[in-house]
Amino acid sequence: GTKSERGYGGYDFWLNKVDFQGDLIIDKTMGGPQNDFLEEIRLQLHSSGYWISGTTYSGPGGTKTSGYFNNGDMWVLKVDTSLIVEFDKTIGSYNYEKCKDMEISPEGSAIIAGWSNGIGGNKISDTKGGQDYWIYKVDTVGNIYWDKSYGGFSEDSLEAIFIKCDRGILAGGYSESTISGDRTHLNKGGSDYWAFELSIPTHPWFHAENVCARTPLNLYDQS
């Protein structure tokens with residue numbers, strides 16, 4: 001077929017780069033000895049290459065160099081334009097996590113979102129009850145520097161985030177929680193949609209001038 005590399009365990013990330021006519025330029029298989037599920041690919045800002053994120057059940061092995069905490073973690077990679085891995089990072093707790101979405105903030109950091117039901121590992125924030133929304137930021141070398149869990153006392157499952165022109169974040173998914181924790185509204189019965197807006201810290205700090213007017217973003221590194 002068109003796949004040029006062998007697999008490494010169960011399911012792997014499989015990346016394909018094609019030209020404007022849809023002809024394959026290059027493909028890369030990335031994974032560890034167990035299952036790894038790719039979720040998102042985003043262009044890097046201020047440099048060439050791509051951010052990649054997904055869910056991993058693998059420890060080190062194959063192309064995966066970072067460790068594994070437990071029951072499913074998030075796996076974040078940065079690759080160059082030839083799909084060569086620059087670094088890979090496993091991010092999670094001692095229970096389970098699932099990656100669902102990723103956005104790139106104007107200063108180039110990655111905002112990654114999904115579900116979490118644990119504490120420990122490199123997860124700083126605590127749980128609210130059952131499964132929570134979990135949103136965190138990593139800097140341009142993959143180090144986590146901000147994370148936050150959101151939820152009520154029952155199950156809350158984040159599905160998507162969207163970065164606004166003023167750098168705020170819209171987060172949405174579904175929730176089985178009633179008023180508790182971060183939930184301020186009664187549920188309607190069973191699982192409901194749950195959406196909210198966040199203001200996310202940036203790193204390095206920068207000034208944004210007229211971002212929402214679609215004028216160029218001016219960056220001022222104050223780190």
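1. Basis. The model is predicted, with local features requiring pLDDT of at least 70 and side-chain atom pairs pLDDT 80 or more, while totals for chains, interfaces and linings use all residues. Residues are numbered from 1 along each chain as its sequence is written, and side-chain values use heavy atoms, without hydrogens and water.

2. Elements. The protein has 13 strands and zero helices; both are DSSP runs numbered from the N terminus, strands (E) of at least two residues and helices (H or I) of at least four.

3. Of the 223 residues, 44% are buried, that is, under 20% relative accessible area with a 1.4 Å probe, protein chains only. Taking contacts (heavy atoms within 4.5 Å) between residues at least 6 apart in sequence, 49% join residues at least 24 apart.

4. Surface. The protein exposes about 10900 Å², and carbon and sulfur atoms supply 52% of this area. Accessible areas come from the Shrake-Rupley method with a 1.4 Å probe.

5. Sheet. An open antiparallel sheet has four strands in the order β7-β8-β9-β10; strands pair if DSSP finds at least two bridges between them. The edges are β7 (97–104) and β10 (144–150), each with a single partner strand, so one side of each has no neighbour in the sheet. On average, neighbouring strands of this sheet are turned by 20 degrees against each other, direction ignored, using axes fitted to C-alpha atoms.

6. Strands β8 (residues 110–116) and β9 (residues 132–138) pair in the antiparallel sense over seven bridges. Ser-116 has Asp-132 in β9 as its bridge partner.

Terms used
Buried < 20%, exposed > 50% of the residue type's maximum accessible area, 1.4 Å probe, protein only. Axes fitted to C-alpha atoms, helices over the stretch in contact; angles between N-to-C directions.
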